[in-house]
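Biologist: Could you take me closely through one part of this model, the packing of a pair of helices, and then show me what else lies in the fold?

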Amino acid sequence: MKYDFTTIMDRTGQDAIAVEDIPVPGAEVDKEFSRIPMWVADMNFPTLPSILKEVGERLTHPHFGYFNLSDEYYDSIIRWHRDRFGVTDMTRQEIGYENGVLGGVASALQAFTAPGEAVLIHAPAYIGFTKTIEGLGRKIILSGLKQDSQGIWRMDYEDMETKLREHHIHCAVFCSPHNPSGRVWERGELEKALEIYQKYECVVIADEIWADLTMPGFTHIPLHTVSEDAKNRTVSMYAPSKTFNLAGLTGSYHVIYNPCLRDRMEKVSASTHYNKCNVLSMHALVGAYKDEGREWVDELCQTLKGNIDYAYEFITSNFQGVSLAKPEGTYMLFLDCRNWCAEQGVTLDDVLKEGIRVGVIWQDGRPFYGEYCIRVNLALPFALVKEAMDRLKKYVFS
């Protein structure tokens, strides 16, 4: 490969919560084990060189005063969506800056719902969504995804419609590709979901932050491209942060075609007077959305596929009582340990702590509505994935 996805970076002392924090209360790593960060959704790969070049060149200018988003910023986004997702009708008026995807979700919820109103979201659900909905005083209504005979997560359309009708819901948060299940929704699935949203006049807040990270053979379809109606009821959220590991720089953007939705969204977003881009974040996006970035992402997805294939085969072959669906997108696994816990007479807390004891820093899946689940990040060099699987086999699922 042209780019580096094998170097094991030492992030100790670099303010990285992935290695500095332990996400399970009371768990500790034994001194004999190194820490393998496999929880919070950032990557343990060196970022794209053109990002460092673009930011580095800006740092040569000894000023950081007020600024406007550049034409190059908007043009970079438009070209990226054209080349990656086939979107040919996006203009700069549809694009709006957001400090983060969750900040954008919060603004949209405030723009299109009132305190006390219900919001539909699929379960398992990303913890950031549920905390945001609850924090704004809205009511979470879950529509559970179901696994088919092949273990693939599917939407339950009948349940979605029942929940929308019974709870008088007019706003939904839709995750595509889905976190934490790893589903990359097919066009027919999106069309059916949107028919239901249209029937109940729902504004759909679409988190598409994982759009670039689909495995070879799977294609992300932007929700707003599915139909003309979808374009007019969708608030889509994007960011380069997941794709290029830029979360520490902060910065995302929304794409909204409907001018009425856009006006309401932008007024709420602007009301704090803090929803402003960092100048280095702007240059990082420009550096990311270059031709070099397109090549880098393709190599990244090949690397992630190798990690996923290995981990999936290893777990299904060696961890009896642990089940999982093979991700089609993202770089997260969602392990279901229900049968293992029952057979061994242990709790999920026992399993979580034992994994962390041997340096596998993974994440409790219960806040994501996975009762016996553990969330595992595979965006790290293959050597560390292999080492983590070996430790789990020897010390945890032995």
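Modeller: Happy to! Axes here are lines fitted to C-alpha atoms, for helices over the stretch in contact, with angles running from 0 to 180 degrees between N-to-C directions. Helices are DSSP runs of H or I with at least four residues, strands are E runs of at least two, and both are numbered from the N terminus. The model is predicted, so local features need pLDDT of at least 70 and side-chain atom pairs count only at pLDDT 80 or more, while totals for chains, interfaces and linings use all residues. Residues are numbered from 1 along each chain as its sequence is written, and side-chain values use heavy atoms, leaving out hydrogens and water.

Now to the pair: helix α4 (residues 101-112) and helix α5 (residues 127-135) have axes that come within 10 Å and cross at roughly 35°. Leu102, Val105, Ala106 and Leu109 of α4 make the contact with Gly128, Phe129, Thr132 and Ile133 of α5, where contact means heavy atoms within 4.5 Å. These residues divide into six nonpolar, two polar and no charged; Ala, Val, Leu, Ile, Met, Phe, Trp, Tyr, Cys and Pro count as nonpolar, Asp, Glu, Lys and Arg as charged, and the others, Gly among them, as polar.

Elsewhere, histidine 224 sits in the loop between β8 (203-207) and α8 (228-233). Histidine 224 counts as buried because its relative accessibility is 2%, buried being under 20% relative accessible area with a 1.4 Å probe, protein chains only. Beyond neighbours within four places in sequence, histidine 224 is in contact with residues including Val87, Lys231, Tyr238 and Tyr257.

Conventions:
Buried means under 20% relative accessible area, exposed over 50%, partly exposed in between (1.4 Å probe, protein chains only).
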